[in-house]
Every structure is written in structure tokens, then in C-alpha cells.
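I opened my notebook to record what I looked up.

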Amino acid sequence: MPSDSQPQPSARKPGGFANLLLHLHPKMVPEETLALERTFGLGGAALILFLVLIASGALLLFAYEPSTERAYGAVRALEDEVPFGSFVRAIHHWAGNLFLVVAALHLLRVLYTGAFLPPRRFNWLLGLGLLALAALGNFTGYLLPWDQLAYWAVTIGTGMLKYVPLAGEALVRMARGGSDVSPKTLSLFFVFHIAIIPILLFGLVSFHFWLVRKAGGVMRKSPEEGPAARPRLVPVSPDLIVREGAAALVTIAAVFLSAAIFRAPLEASANPGLSPNPAKAPWYFMGVQELLVQIHPTFAVLVVPLLGVAFLAGLPFLRYPEPPDGSWFRSTRGRKSTALSVVAALLLTPTAILLAERGLRPDRLFPKLGPSVSAGVIPLAIWVILVGALLVALVRMLSLSRFEAVQALFTFILVAFLVLTIVGVAFRGPSMRLVFPGGAA
Amino acid sequence: MTSEPGVSRRGVLGRLWKILGIVAAAEAVAVIGAFLWPRKGKEGARGSLVVAGPVAEFTPASVTPFPAHRFYLVRFTDGGFLALSSTCSHLECSVPWNEKDRTFPCPCHGSVFDMTGDVKSPPAPRALDLFPVTIEGGIVRIDTNRKIRRAHFEPSQVVNL
């Protein structure tokens with residue numbers, strides 16, 4: 001055993017797996033980072049979900065056949081005949097969806113505690129890459145059952161690429177392995193889903209965790225540098241290990257329970273001649289689909305998402321004059337401005353959707369300008385001016401710091417996107433008309 | 001031994017390794033690219049010359065679906081024909097014909113097209129694609145190999161007897 005701490009004669013030598021588990025951790029960690037509200041165990045939960053996905057996915061591979069003639073039959077048999085087939089498939093389904101949710105929540109924790117700033121800047125970018133891979137992993141898996149849901153979601157999802165200027169048509173052909181969603185698309189998505197994406201995820205997740213350790217562990221509330229930066233340390237085993245174990249068990253229980261109660265959906269076999277009505281993307285893409293209902297496709301699939309990604313990736317590179325601080329939302333002002341941003345987005349986004357439904361949308365009012373101006377430039381300009389004015393007003397009113405202002409802007413965009421997602425998932429009926437869930441308009 | 005400042009034997013060898021590495025990476029990219037590149041000729045023959053039937057079979061002001069070939073044969077009141085692709089010009093969903101409203105409402109993003117395939121309601125940026133229609137000896141034929149993109153409906157697109 002290492003000798004750089006006081007000897008512990010009573011401690012037994014951990015063997016095998018326990019030894020590996022301890023080897024991956026430092027010996028001691030700052031006590032304050034163990035508090036639940038520091039992390040909510042989200043990063044660890046995401047790792048556990050990844051492992052559950054690999055295990056359940058490996059099992060599913062024994063039953064699945066990646067050909068358009070046989071895929072649907074194999075998944076149908078999994079649902080109806082294979083013992084526990086439906087359960088294992090539901091575990092994979094729920095773990096995949098929760099993986100995205102937990103990873104997104106983890107991103108929010110990192111953002112709102114300011115943990116994306118140096119020395120954790122590169123790890124923030126790596127985390128964004130991991131989130132993109134998680135979404136891609138989900139999306140490639142979506143096609144494999146080859147049912148109606150799969151076929152049309154992937155037709156729409158890959159079709160979005162055609163609105164990329166110049167390279168659009170080539171990108172669509174590349175993503176589908178041809179001009180239509182075909183057997184080629186299935187084998188392409190299959191390889192990405194079961195090999196390339198999991199391998200990349202495994203490598204980058206390891207890197208991600210290693211960088212957390214290099215940064216001195218989880219972001220602390222107390223100063224990390226300077227004379228006051230001597231935290232009280234506690235041993236990883238047992239203090240951290242038991243907490244990680246608890247988080248892992250809670251995560252696994254949540255997945256198994258969801259899987260036992262709710263089956264994974266499986267619609268009719270894919271029919272290239274008939275779209276289901278309404279045809280909806282997977283929930284994590286519904287925000288983009290709702291945007292596609294509202295604005296020009298090039299703006300919905302390229303301009304707005306690129307602005308969003310640039311904003312997220314650029315966050316740690318903006319110069320924040322104030323010293324870093326690991327408190328949630330930074331300060332009382334920060335909490336207040338975040339809450340106000342939530343309210344503003346909750347008011348403005350549904351209002352805009354309702355106005356558009358009444359025909360008050362720029363492409364209806366000024367059809368002469370051509371779709372890319374009337375449905376693209378104009379709505380984007382209106383939103384930039386509106387949100388910019390609100391942000392300036394908020395900064396003046398509460399005299400916000402740079403960090404708090406950026407935080408407020410992020411919150412507005414996040415909540416607006418969530419509203420779009422919820423409207424798309426729950427409030428869109430046949431022909432994508434607005435309806436109340438479970439009732440008429 | 002004479003050595004120029006800044007250029008050592010080790011430095012030259014190190015650079016050589018780097019260049020070799022770049023060459024090897026470029027070779028790998030070329031091999032993988034060629035391996036994965038879609039081959040021509042396997043696809044392509046998806047469309048065909050579809051014989052829709054004698055002119056008299058299609059009453060004026062009617063829309064006849066050909067789901068297997070993914071188009072609608074529209075006949076206007078004046079007797080003219082138009083073959084509309086049933087693939088939405090927005091994101092390629094298949095649009096149904098609504099006889100009551102006499103429109104093609106897209107189930108995916110809410111675009112609505114009228115009987116000529118023109119956009120009645122956004123977000124679709126352009127009208128439904130066309131397939132060329134030929135009428136010979138009273139028989140209507142549609143060439144689904146050739147898709148015609150268009151921004152708007154124009155009367156010249158209609159094929160008359």
C-alpha cells in the first residue's frame with residue numbers, strides 16, 4: 001500500500017475489482033465536495049447508465065438481425081416471444097433516454113456552479129462532445145427496430161442535412177448511404193450504434209473522468225486557489241465509495257422500475273409510402289421539429305443550432321472579471337436573474353407560438369420577401385432584439401456581473417427550447433396542429 | 001562535425017517520422033474513403049415509366065394516388081394532368097390527400113399544399129416536385145425517374161391532351 005499517509009494497520013488490502021475501483025480514485029477528497037447538492041451524483045449516474053446500456057445492448061445483439069427484411073421481425077419476437085425480451089429492450093430504451101436526461105442535467109449542474117471555467121475549460125468542451133455522442137447514439141438506435149416511428153424519424157432527421165448550404169445533398173446521401181433511407185442506412189446506423197459510438201464514448205468518458213481528477217476533483221464552493229485553499233480531506237474509501245454505490249443503485253433501480261412498468265414502443269413495420277400522422281421525432285429532437293414548424297428550415301436546422309452550440313462552447317472563453325465561485329447560480333442576484341429569465345421565457349415562447357398559430361408570423365405577413373427572409377432573417381432578428389433588450393434591462397435593473405448576465409441569457413434560451421420541446425411532444429396533434437393533450441383544440 | 005544551428009540529426013529524423021506519420025494517415029483516409037464510398041449503378045433504377053391508364057379513367061377535378069410509385073395524378077377541371085410527387089418538399093414526409101379540404105396536409109411539420117402542389121401554408125419552402133407526364137394514344141404515362149424541382153406552380157406545367 002502507498003506510504004504517503006499515516007499507516008492504517010487495521011485496513012485490509014483490497015483485492016481484484018475493489019482494488020481497480022480504488023485505483024481509479026484519488027486517496028482523499030475534499031469533504032465538502034461529498035455534499036449531495038454539489039453534484040447530485042449526476043456524472044456517476046450517467047456512467048452507470050452507459051454501463052447498463054452496454055450490458056443490455058450486448059444482450060439485445062444476440063436477438064437482433066440488422067437487415068430490413070428481418071429487423072422488425074426480430075424486434076417483434078423480442079417483444080412477444082423471447083423470455084424477458086420485452087424487459088431487456090425496455091431497460092435499453094429507458095437507460096438510453098435517461099442517459100440523455102442525466103447528461104443534460106449534469107451539464108446544467110456544471111454550468112450553474114461555474115465549473116466550466118479554467119482549469120475545467122477543456123473538460124467542458126469534452127462534455128459537450130459527449131452529450132452530442134449520447135444524442136447520436138440514441139438517434140442511430142432509433143432506426144434499428146425498422147418500424148414506422150424509426151423510418152420516418154430517420155427520414156426527417158437525415159433529411160434536415162439537405163438544408164446545409166452547398167454540401168446539403170451530399171451530406172444527406174452520406175448519412176443515408178444513398179438517396180433514401182434504405183438497407184444501406186440500416187447497416188450504417190447499426191455499425192455506428194453498436195461499435196463506433198460506444199467505443200468513442202468509452203474513450204472520451206475515461207478522459208472526462210481523468211480530467212476531473214486532474215482538476216483536483218469536483219468544483220468546490222470554497223476558494224480553490226490562494227492561502228485559504230486548504231480543504232478538509234476525507235478518505236475516498238469509504239466516504240466517497242458508499243455515496244457512489246448509493247447513486248449507482250438508485251440509478252439502476254430507476255431504470256429497472258421504469259422498464260418493468262413501461263414497455264419500449266414498437267409501431268407497425270416501416271412503410272415508406274405512408275407517414276404516420278402526426279409524425280414526430282424522438283422527444284430530444286422535438287424542440288428542433290417545433291422550430292421547423294415555425295421558421296425556415298435552414299435556420300431551424302443550421303443557423304439556430306450553430307448559434308446554440310457556439311454559445312455553449314464559447315461560455316468558458318468569455319472573460320469573467322469576477323473571481324470563480326462554486327456557489328449555485330453564483331449569488332442572490334444570480335438566483336433572482338435566473339428565475340426572472342425562466343419567467344420571461346415561459347411567457348414569451350408560448351405567446352409567440354399562439355400568435356403564429358393565429359397567422360401572425362412573418363412568412364404569412366410578408367410572403368413577398370421570400371421564405372429565407374420572411375421565415376428566417378426576420379424572426380431571428382426579432383428574437384435577438386427582444387432578448388437583447390430584455391437582457392440589458394435585467395443587467396441594469398439588478399446590476400448583474402458578466403457571469404450572471406451570461407447565466408441569465410443561457411437560462412432564457414434553455415427554457416425557450418424546453419417550451420418548444422413540450423409543445424412539440426404534448427400539444428401537437430394530426431397535421432401538427434395545436435391541440436390540448438388528450439382533447440380537442 | 002559541422003552542424004547548422006537549430007538543425008540536428010535527431011531533429012531531422014524526428015521531422016521525418018512526423019512526415020511519415022502524415023503520409024500514413026493520408027493513406028488510411030484514402031483507403032477508408034474508397035472503401036465506404038457508395039458504388040454507382042446499384043441504385044438509380046428505382047423509378048420507372050409508370051403506365052397510369054387511359055385518360056378517360058381519370059375524371060376531371062380528381063386526385064388519384066399511386067402509393068407504390070409515390071406520386072399523385074391530378075386532373076384539373078379543364079382536363080389537364082399533373083403528376084405530383086407525394087414526398088413533401090420540406091423534409092420528405094409522405095403527404096396524404098385530404099378530399100374534404102382538397103389539400104395535401106403534411107403530417108410532419110404542418111405544411112399544406114393545394115391541388116397544384118403549391119404551398120398554401122408554410123414552412124415548406126417550395127411547391128411539391130413534379131414527374132413528367134406523357135399522353136400517347138389516350139394512355140397516361142409518368143416517368144418517375146425524372147423528378148422536376150420547381151418553386152411555384154405555373155400553368156405551363158400542366159399537360160393537356
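Before the first entry I need one definition: an axis is a line fitted to C-alpha atoms, for a helix over the stretch in contact, and the angle runs from 0 to 180 degrees between N-to-C directions. I also note that this is a predicted model.

**Entry: two helices**

I looked up helix H5(A) and helix H10 (residues 236-261) of chain A. Their axes come within 8 Å and cross at roughly 125°. Is that parallel, perpendicular or oblique? The perpendicular class runs from 65 to 115 degrees and the antiparallel class starts over 145. H5(A) is therefore oblique to H10(A). I noted the hand too: the crossing of H5(A) and H10(A) is right-handed.

Next I listed the residues that make this contact. H5(A) brings Phe87(A), Ala90(A), Ile91(A), Trp94(A), Ala95(A) and Leu98(A). H10(A) brings Val255(A), Phe256(A), Ser258(A), Ala259(A) and Ala260(A). I sorted them by class and got ten nonpolar, one polar and no charged.

**Entry: two domains**

I then looked at how chain A is divided. Domain 1 covers 31-274 and domain 2 covers 277-441. Their centres, taken over C-alpha atoms, are separated by 24 Å. Domain 1 of chain A puts 27 residues into the contact, and domain 2 of chain A puts in 22.

Which elements give two or more residues to the domain 1 side? I found helix H5 (85-112), helix H6 (121-143) and H7 of chain A. H6(A) gives the most, with eight residues. By class, this side of domain 1 has 20 nonpolar, four polar and three charged residues.

**Entry: two chains**

I turned to chain B. Here 27 residues of chain A are in contact with 18 residues of chain B. On the chain A side, helix H7 (148-159), helix H11 (286-294) and helix H15 (371-398) each give two or more residues. H7(A) gives the most to this side, with four residues. I counted the classes on the chain A side as 13 nonpolar, eleven polar and three charged.

**Entry: one arginine**

Last, I picked Arg333(A), which is found in helix H13 (residues 332-357) of chain A. Is Arg333(A) buried, exposed or partly exposed? Buried needs 20 or more other C-beta atoms within 10 Å, and exposed needs 12 or fewer. Arg333(A) has 15, so I wrote down partly exposed.

I checked its contacts, leaving aside neighbours within four places in sequence. Arg333(A) is in contact with Leu398(A), Leu400(A) and Glu404(A). Arg333(A) and Glu404(A) are 71 residues apart in sequence, yet 7.7 Å apart in space, C-alpha to C-alpha.

Technical notes:
Residues numbered from 1 in each chain as written. Chains lettered and ligands numbered in written order. Predicted model: local features only at pLDDT ≥ 70, side-chain atom pairs only at ≥ 80, totals over all residues. Contact = placed C-beta atoms within 7 Å. Nonpolar A, V, L, I, M, F, W, Y, C, P; charged D, E, K, R; others polar. Domains from an automatic or database assignment. Parallel < 35°, antiparallel > 145°, perpendicular 65-115°, else oblique. Left-handed = near helix turned anticlockwise from the far one by under 90°.
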